[in-house]
Protein chains: 2
Amino acid sequence: MNAEIIAVGSELLLGQIVNTNARFLSEQLAEIGVNVYYHTVVGDNSTRLKDALALAEKRADLIIFTGGLGPTKDDLTKETIANHLETTLEMNDAAFQSIKDYFHKTKRIMTPNNEKQALVLKGSTVLANEKGMAPGMYFSHNGMHYMLLPGPPFEMEPMFEKYGKTAIEKALGRKETIHSRVLRFFGIGEAQLETEIEDIINEQLNPTVAPLASDGEVTLRLTAKHESKEIAGEMLDQMEEKILKILSPYFYGYDDTSLMKELSDRLKEKEITLSVAESLTGGLFQSEFTNISGAGSVLKGGIVCYTNEVKKELLSVSKNTLSIHGAVSEPCAKELAENVRELFKSDIGISFTGAAGPGPHEGMPEGTVWIGIAEKGKPTRTFLLNLAGGRNANRIRTVKYGCYYLLKEVVSI
Amino acid sequence: MNAEIIAVGSELLLGQIVNTNARFLSEQLAEIGVNVYYHTVVGDNSTRLKDALALAEKRADLIIFTGGLGPTKDDLTKETIANHLETTLEMNDAAFQSIKDYFHKTKRIMTPNNEKQALVLKGSTVLANEKGMAPGMYFSHNGMHYMLLPGPPFEMEPMFEKYGKTAIEKALGRKETIHSRVLRFFGIGEAQLETEIEDIINEQLNPTVAPLASDGEVTLRLTAKHESKEIAGEMLDQMEEKILKILSPYFYGYDDTSLMKELSDRLKEKEITLSVAESLTGGLFQSEFTNISGAGSVLKGGIVCYTNEVKKELLSVSKNTLSIHGAVSEPCAKELAENVRELFKSDIGISFTGAAGPGPHEGMPEGTVWIGIAEKGKPTRTFLLNLAGGRNANRIRTVKYGCYYLLKEVVSI
């Protein structure tokens, strides 16, 4: 099966938005073995849309449209397709009810043109929109497959993942369905990770194991195909066990979680409180931590100690430490972590001090970072990083390492 | 002139990257009055690329290709076009020299396949690549215009802005060139801004004035067309003066600057030091401030006082204030700003306290925020915000307001 993705919307042709839908759908289709040979973007113009549709019918078996399903006059995707295929639109009761519910829930007044959104192509399978109003559609006609999806990515993506993909797999006559699980790793590079589980990656056909690196993390996507959801789940469990036997020191969570989210959840669970002394990170750790709702029960607070004056006066780092070892040093990280913990009366104190760049700081090369973790009744631990990513990347990476060490050392995941 | 943008690259069809080039070029073309009716994405396959090219020749006067100009076998854009138009490729000496220089500068070894990148379509105008190796090309043939640009956005964007745009304007037979200036505003909504300068927007043809809203800010893009760069500059100056006569209270800078960047520059310039007490923003203000290199000379540091305990014990907010008025109150913001300033011995203290959401905090509705600004020898000022953006947006917006008030009240821009 070969697919073409047609995005409809003049805002794309004016450069006001970028066509992330084509990227998302291409990735999803690749995963279920459907080739994509063309992406097309066309404006809100029924003649040109009809031309694009006629052309796509010559070069693909499956055409996926995104956009143009809304309530306004500009939205003409389904009308144009109905006209081209000489079929009609009909009111879909479930979709209409869901639109009414949506207005009720968001306490807004429904205008008559919103009814239009509940019209679907006659005989099509309706794909429910759980994040918005316009329903999606799938149907086949003379051996061609058509799928219509809404334009906004936050509506389109869950609709496709939940309903669209299954409809295509059914059309492909596949009995087995596809089940995925993402394992997340930190503290190991992509190349090293691949080397460690090279045999597993090379030997395995079902489930497949695909590594992907981004933002200093590596993920493994395990994908199992089987008729039975239960058996697919067991296949994934077995593969995960095999992988974690080798990689468990670096593993921290599943699917869409993040290091910060895991840390916040585990500290809450164990009722451990935290305080933070931030030099090179300048508040970034705490800013990300407090971006998660309910952080107040875990994070007592912290100090941004960007200058040595503040390190000395507010966080009582000794004069000797600063004059002999400097701010970017193990003793400084240790004292910062211990003293911030005492000052804020928390269970754990964590500190970040280093040279973010550009250029060296107090003679230490850019990317040198010390992290300190102080815990009641335990010796304070310190960690040295040598980063090479430029100022902003170094700060972000430092925060991730902070989360990772807290997870490993304090929460013991 | 109607244009079609053809992006070449299998990585786009696999969903590994998103086609941001089409967005960029569409926006740029809209600015010089060239219509874009289609975007096409095609893989590294010469048959399908040739088909896409032949089709585009039927529906556009200008075809812009991005990608497929690199050194590997996959890269076949110029070869396919040469074949289709029955012309040849020839070595371009300047491009070859620049490739050799590039290897020299980056201290890498040049492999033979890199020479291929210096081949250009016979008779084309070469567009220099100042950020990479593959040169761009422009030529016309039988009344059709063709432009070839490299795929990586950081090479393509400056090449198009510097050379590509001018080539198209020349092809359009336009003598005048286009000069733009962006004015940035904060603290005013897009609708209100448009109303205030409605007459100017409606009356004006050259320069044009186009508003755009994003992330709580509004920008106005002024675009002047004239043969002389000097006169175009004067036209922009006059228009700017006319606009700022009305909107100066909200104006804060030009082009790609940001509120935080302006604040940092002005405080440095005036040698004013700052300290910060962050409750709902949880370190975000300081994190953004320290993301700008050299922040250490301005920012003494600050405290993340997420809990009332820390507000009381470290920042000496009075028991009465917290029990009578609560943490989300004017008196609390005032005391936090004054006390953080004293604690850190800075010229200015700024505080942020509020209910970020989700839901109310201490009975105050989500989005209620107080900002305090304490300055040596002046009465402390406070500002109330009522935001409606959800937790993360409220925090980001609060930080922007903090910058804005500091710029207006302390730096007096």
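This is a predicted model: local features need pLDDT of at least 70, side-chain atom pairs count only at pLDDT 80 or more; totals for chains, interfaces and linings use all residues.
Modeller: Rings of Phe, Tyr and Trp (its six-membered ring) pair if their centres lie within 6.5 Å; planes under 30 degrees apart count as stacked, over 60 as edge-to-face and the rest as tilted. One aromatic cluster here is formed by Phe186(A), Phe383(A), Tyr401(A), Tyr404(A) and Tyr405(A).

Biologist: What makes the pair of Phe24(A) and Phe160(A) edge-to-face?

Modeller: Their planes are 85 degrees apart, and their centres lie at 6.5 Å. The angle is over 60, so the pair is edge-to-face. Phe24(A) lies in helix α2 (residues 20–31) and Phe160(A) in helix α6 (residues 153–171), both of chain A, 136 residues apart. Helices (H or I, at least four residues) and strands (E, at least two) are DSSP runs, numbered from the N terminus.

Biologist: Why does Phe24(A) count as buried?

Modeller: Buried means under 20% relative accessible area (exposed is over 50%, partly exposed in between; 1.4 Å probe, protein chains only). Phe24(A) has 6%, so Phe24(A) is buried. Phe160(A), at 0%, is buried too.

Biologist: Why is the pair of Phe285(B) and Phe289(B) called stacked?

Modeller: The planes stand at 20 degrees and the centres 6.2 Å apart, so the pair counts as stacked. Both residues lie in helix α11 (residues 284–290) of chain B; being four residues apart, they are separated by about one helical turn.

Biologist: How do you know that the charged end of Arg59(A) sits over the ring of Tyr38(A)?

Modeller: A charge sits over a ring if NZ of Lys or CZ of Arg is within 6 Å of the ring centre and within 35 degrees of the ring normal. The charged end of Arg59(A) is 3.6 Å from the centre of the Tyr38(A) ring.

Biologist: Why is strand β16 of chain A called largely enclosed?

Modeller: Eight of the eight residues of β16(A) (368–375) are buried, so the rest of the structure largely encloses this strand. Both faces are covered: Trp370(A) is among the buried residues on one side, and Ile371(A) among those on the other.

Biologist: What makes β15(A) and β16(A) a strand pair?

Modeller: Two strands pair if DSSP finds at least two bridges between them. β15(A) (residues 348–354) and β16(A) have seven bridges, in the antiparallel sense. β16(A) also pairs with β17(A) (residues 381–386), antiparallel, over six bridges. In the hairpin of β16(A) and β17(A), Gly377(A) takes a positive phi near 75 degrees.

Biologist: What relates chain B to chain A?

Modeller: A rotation of 179 degrees with 0.6 Å of shift along its axis superposes chain B on chain A, with an RMSD of 0.8 Å. That is the relation of a two-fold axis. The same surface serves both copies: 100% of the contact residues of chain B recur in chain A. Contact means heavy atoms within 4.5 Å.

Technical notes. Residues are numbered from 1 along each chain as its sequence is written. Chains are lettered from A and ligands numbered from 1 in the order in which they are written. Side-chain values use heavy atoms; hydrogens and water are left out. Copies are superposed by least squares on the C-alpha atoms of residues with pLDDT of at least 70 in both.
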